[in-house]
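Hi! Here is the structure I promised to pass on to you.

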Amino acid sequence: MNTHKDISIVLATVNARYTHTAFGLRWIYANMGPLQAVTRVQEFVLGQPPLEIVEAILAANPHIVGLGVYIWNIGVLTQVAEVLKALRPDIILVVGGPEISYEYEKERLFHVADYLVQGEGEQVFPAMAHRLLNGETLRGKVVTSEPLDVNALAFPYDTYGEEDLAQRIIYVESSRGCPFRCAFCLSSRDSQVREFDIERLFPAFDRLLERGARRFTFVDRTFNLFPARSECILRFFRERWREGMQLHLEILPDRLTESTIEVLSGFPPGGLYLEAGIQTTTPAALEAIERYQDVNKGLENLRAVRERTCAEVHVDLVAGLPYETLETFLCALDNVLALQPAVIQLGILKRLKGTAITKYGESGAIVFAPYPPYEVLETTWISFEEMQRLKRLARYLEIFYNSHYFPASLKLLERAGNSPAKAYVSFADFLWSAARRTHELSLASRAGYLYQFLVAHRVDAPEVLAQTIQEDYHRRPGRKERLPLPESQAS
């Protein structure tokens with residue numbers, strides 16, 4: 001192998017936010033073996049100009065560049081790749097990641113790149129780099145990795161730097177794969193669940209804690225799949241709890257057991273953030289996407305978590321699923337609102353490449369946008385106009401419900417319709433009609449629009465509504481000025 005010091009391998013990606021970290025690239029870096037000494041990870045953030053990214057990559061004088069491609073960054077990385085190859089055609093460009101692993105023939109990025117790694121890259125990429133640096137030309141442009149023995153891999157956790165530990169989310173995982181076959185989820189392609197050896201995991205987690213890590217996000221698709229194992233991991237962290245710690249876990253609600261809920265109850269306020277994938281409560285939609293869950297059991301378990309633990313519950317719903325109408329979706333939203341979770345994430349169905357949901361696009365039953373993130377435009381069951389209303393509802397739930405700025409006022413809002421969900425969608429329609437925007441709404445303007453809506457729907461006397469909104473507005477410390485509600489209405 002060429003061992004000159006000027007050899008450089010760059011692993012680069014664009015994260016959606018600064019607080020995110022490139023977990024996949026860190027796994028590859030940790031498993032580069034002898035080549036790790038000449039490999040570096042470069043992370044960028046959406047919004048950085050492509051030429052700035054290219055300049056930073058070229059400053060490393062790379063022989064090989066590997067790009068991690070996701071749904072949010074394929075646009076900018078396509079530009080980066082084109083400029084890299086225009087300036088330095090001798091660079092060997094390797095791409096990988098979920099957004100380029102399927103239907104890649106249609107992507108400009110695939111045709112610009114020299115090679116594509118399909119699947120897990122921890123073993124394939126180092127082997128490729130070794131051969132390429134020895135002057136070999138690989139047979140075929142697409143190199144496919146079979147599912148790995150995860151316990152043969154070196155952990156990436158020591159690659160987190162001091163800045164990461166202090167300011168960014170620390171991603172960890174205790175298992176890979178998912179036994180479920182949800183048609184809209186790319187994890188359905190990896191049905192073999194592979195567990196990391198706890199005897200190796202815990203020392204690695206201990207080192208992170210000793211170095212100051214406090215915010216851990218487990219990327220396991222279903223953290224509570226095996227209750228005894230998940231409870232063991234939870235106890236590990238609870239026994240080492242320190243000020244400012246938080247665990248973010250993705251759970252399947254109907255799989256929660258009594259013993260798991262009991263363990264969860266031992267964590268302090270703010271310590272647990274549980275993301276629960278309800279997605280829908282409509283039987284026909286659940287059957288169509290092959291998501292087999294006991295909806296009532298899941299709702300019952302989440303209610304128990306809310307009542308018996310201090311965990312913050314984040315519930316996911318997906319709008320635009322097959323056989324879901326506007327009416328059935330609002331029923332699902334009512335079911336979730338009744339739980340009073342800390343966050344309701346109303347996501348819009350996306351056509352992820354490689355997932356079974358694409359068949360509905362091919363049949364015309366669902367029309368997806370032709371550009372990332374490939375969101376639903378309309379379906380056989382929900383019109384384009386109704387989908388637009390739901391997309392606005394998603395945004396307004398984010399800035400009203402999820403922000404926790406108006407807790408008392410929103411209780412009044414929920415009385416303004418035949419059901420709480422219908423009240424929210426009516427408010428969303430009103431707000432769009434009045435403001436004609438979903439972003440850049442100041443807190444004062446949000447309060448004013450909410451007040452106008454509540455007065456128009458006569459949910460209480462105007463003076464009571466004004467007082468409630470004023471109290472909500474001043475709930476946060478440091479806000480002393482009086483909210484300027486119209487005197488003619490507020491008096």
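**What I found**

C232 is partly exposed, at 32% relative accessibility (buried means under 20% relative accessible area, exposed over 50%, and partly exposed in between, with a 1.4 Å probe and protein chains only). Before you go on: this is a predicted model, where local features need pLDDT of at least 70 and side-chain atom pairs count only at pLDDT 80 or more, while totals for chains, interfaces and linings use all residues. Residues are numbered from 1 along each chain as its sequence is written, and side-chain values use heavy atoms, with hydrogens and water left out.

Staying with cysteines, how many disulfides does a search of the whole structure find? It finds zero, a disulfide being a pair of cysteine sulfur atoms within 2.5 Å. For C182, the nearest cysteine sulfur belongs to C185 and is 6.3 Å away. C182 is buried, with a relative accessible area of 7%.

Now the sheet. Six strands form an open sheet in the order β7-β10-β11-β12-β13-β14, with parallel pairing. (Helices, H or I with at least four residues, and strands, E with at least two, are DSSP runs numbered from the N terminus; two strands pair if DSSP finds at least two bridges between them.) β7 (170–172) and β14 (343–348) are at the edges with a single partner strand each, so one side of each has no neighbour in the sheet. On average, neighbouring strands are turned by 20° against each other, direction ignored (axes are lines fitted to C-alpha atoms, for helices over the stretch in contact, and angles run from 0 to 180 degrees between N-to-C directions).

Let's walk across it:

- β7 and β10 run parallel and are joined by three bridges; V172 stands opposite F218 in β10.
- β10 (residues 215–218) pairs with β11 (residues 246–251) in the parallel sense, over three bridges. The chain gets from β10 to β11 through helix α8 (residues 227–239), in a right-handed β-α-β crossover. Right-handed here means that, with the strands pointing away from the viewer, the path from the first strand over the helix to the second runs clockwise.
- β11 and β12 (residues 272–279) are parallel too, with five bridges, and I251 faces A276 in β12. Helix α9 (residues 258–264) carries the chain from β11 to β12, again in a right-handed crossover.

Helix α12 (residues 326–337) lies across β13 (312–319) and β14, at about 180° to β13.

Last, the charged pairs. Side chains of opposite charge can pair when their charged atoms come close. The structure holds 30 salt bridges, each a side-chain nitrogen of Lys or Arg within 4 Å of a carboxyl oxygen of Asp or Glu. Here are some to look up:

- D158 and R207 meet at 3.4 Å, N to O. D158 sits in the loop between β6 (142–144) and α6 (162–167), and R207 in helix α7 (residues 198–210), 49 residues apart. D158 is exposed at 51%, while R207 is partly exposed at 37%.
- E262 and R308 meet at 3.7 Å, N to O. E262 is in α9 and R308 in helix α11 (residues 295–308), so this pair ties together parts that are 46 residues apart in sequence.
- E173 and R176 have their closest N and O atoms 3.2 Å apart. E173 is buried at 6% relative accessibility, and R176 is buried at 9%.

Salt bridges with shared partners also join E120, E122, E173, R176 and R194 into one network.

How values were computed: Contact means heavy atoms within 4.5 Å.
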